[in-house]
Amino acid sequence: MTAAPNTAAPTAAASTMAPGPRERFSRWVNRHRKWVLAAPAMGFVTLLLAFPLVWTLYLSLTDKRGSVRNDSEFIGVANYLEVLTDTARFWPAVGRTAYFTIGALALQVVVGIIIALLLRKPFAGQKWARVAILLPLVATPVAVGMMWRLIFEPNIGFANEMLSWFGIAPQPWLASPETALTTLIFVDVWQWTPMVALIVLAGLSAMPDEPEEAARVDGANWFQRLWYVTLPLIRGSIIAAVILRGIDALKTFDLLYATKGKGGGSFNEVETLNIYAYGLSFDYNRYGTASAVLILFFLLILAVIWILTLRRKRAQ
């Protein structure tokens, strides 16, 4: 009588064998699938952001100018020294950038909070009021700039026509170095205040009613409830709006360019850092110097983001 073949031993041996390279790779992919699936997009975005920055940094260390086909030499930080000692164009552009950013941001935050408070409570026509307030966000900054350029035209513009109804003399608006940048701050406030109002309104919608009710019971008036209860509770939303709009206001180019044209207009009255770098690149073909301006501008934006982010963390 013959014994049955023993198949248990090979099966047990096979089950204890180490997995092959393909199986190990498959298990690793399965464990890290969220990173594996996101890696192509993350790599593309990183490359898309890193390449322009690295290339601009390289150009800022060369004397690249004229035709893009011209040879260039490595000159180190000479462009940065030239820019930082330029008291005729660079530092006035820094001042205009700061003035435009701080002025526009301050007005947008104050007016945006007021609008959000007005839209917080239900009233007749609230839905249509919200739609009307959001209309400026629909238009592109270039279209907005061209529209307001026609409105502020000194001779045929509607702004001076409206002033004549009240017996007020026509104003230069965009044509004067004294009023051009302030006028553009008004235009920026008109377009982007609704965005601040939306962010603040979202914070108000998520805020509980109990703290205000308790303050009302304790005898606090409207201003005291607003200052000591409402605003501290939505401080995170306000700081988020300040960060988003502050960064965007620093980088404003399209509105200024569409309104004043190349070079910032006569007397360079609205020449911010963006307009200054654009003029160096496309008017004078000084790509190395323009790249140095952009790198310094990039560092300035990073510093502002860092300060605002720290402020937001402390607020939380």
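A salt bridge is a side-chain nitrogen of Lys or Arg within 4 Å of a carboxyl oxygen of Asp or Glu. The structure on display is a predicted model, in which local features need pLDDT of at least 70, side-chain atom pairs count only at pLDDT 80 or more, and totals for chains, interfaces and linings use all residues. Residues are numbered from 1 along each chain as its sequence is written, and side-chain values use heavy atoms, with hydrogens and water left out.

**First stop: a salt bridge within one helix**

Select arginine 216 and glutamate 213, whose side chains form a salt bridge with an N to O distance of 3.0 Å. Both belong to helix α10 (residues 210–217), where they stand three residues apart and are therefore separated by about one helical turn. Helices here are DSSP runs (H or I, at least four residues), numbered from the N terminus, as are strands (E, at least two). Arginine 216 is partly exposed at 38% relative accessible area, and glutamate 213 is partly exposed at 42%. For these labels, buried means under 20% relative accessible area, exposed means over 50%, and partly exposed lies in between (1.4 Å probe, protein chains only).

Next, select glutamate 82 and arginine 286. Their closest N and O atoms are 2.2 Å apart, in a salt bridge. Glutamate 82 is in helix α4 (residues 78–84) and arginine 286 is in the loop between α14 (273–283) and α15 (287–315), so the pair ties together parts 204 residues apart in sequence. Glutamate 82 is partly exposed, with 36% relative accessibility, and arginine 286 is also partly exposed, with 21%.

Move on to arginine 89 and glutamate 271, whose side chains meet in a salt bridge at 2.5 Å, N to O. Here, too, distant parts of the chain are linked: arginine 89 sits in the loop between α4 and α5 (90–120), glutamate 271 in the loop between α13 (254–260) and α14, and the two are 182 residues apart. Which of these two partners is buried and which is partly exposed? Arginine 89 is partly exposed at 25% relative accessible area, whereas glutamate 271 is buried at 2%.

How many salt bridges does a search of the whole structure find? The search finds eight.

Turn now to the aromatic residues; the structure holds 14 aromatic pairs. Rings of Phe, Tyr and Trp (its six-membered ring) pair if their centres lie within 6.5 Å; planes under 30 degrees apart count as stacked, over 60 as edge-to-face and the rest as tilted.

Select tryptophan 148 and phenylalanine 186. Their ring centres are 5.4 Å apart and their planes stand at 90°, so this pair is edge-to-face. Because tryptophan 148 lies in helix α7 (residues 141–151) and phenylalanine 186 in helix α9 (residues 180–206), the pair ties together parts 38 residues apart in sequence. Tryptophan 148 is buried, at 11% relative accessible area, while phenylalanine 186 is partly exposed, at 42%.

Threonine 183 is buried, with 6% relative accessible area. Apart from neighbours within four places in sequence, threonine 183 is in contact (heavy atoms within 4.5 Å) with Phe152, Trp173 and Leu174.

For another ring pair, select tyrosine 278 and phenylalanine 282: the centres are 4.8 Å apart and the planes at 40°, so the pair is tilted. The two are four residues apart in helix α14, and therefore separated by about one helical turn. Tyrosine 278 is partly exposed at 23% relative accessibility, and phenylalanine 282 is exposed at 58%.

Finish at leucine 47, in helix α3 (residues 33–60). Is leucine 47 buried or exposed? Leucine 47 counts as exposed, with 58% relative accessibility. For a sense of scale, select valine 111 as well: its C-alpha atom is separated by 39 Å from that of leucine 47, and the two residues are 64 residues apart along the chain.
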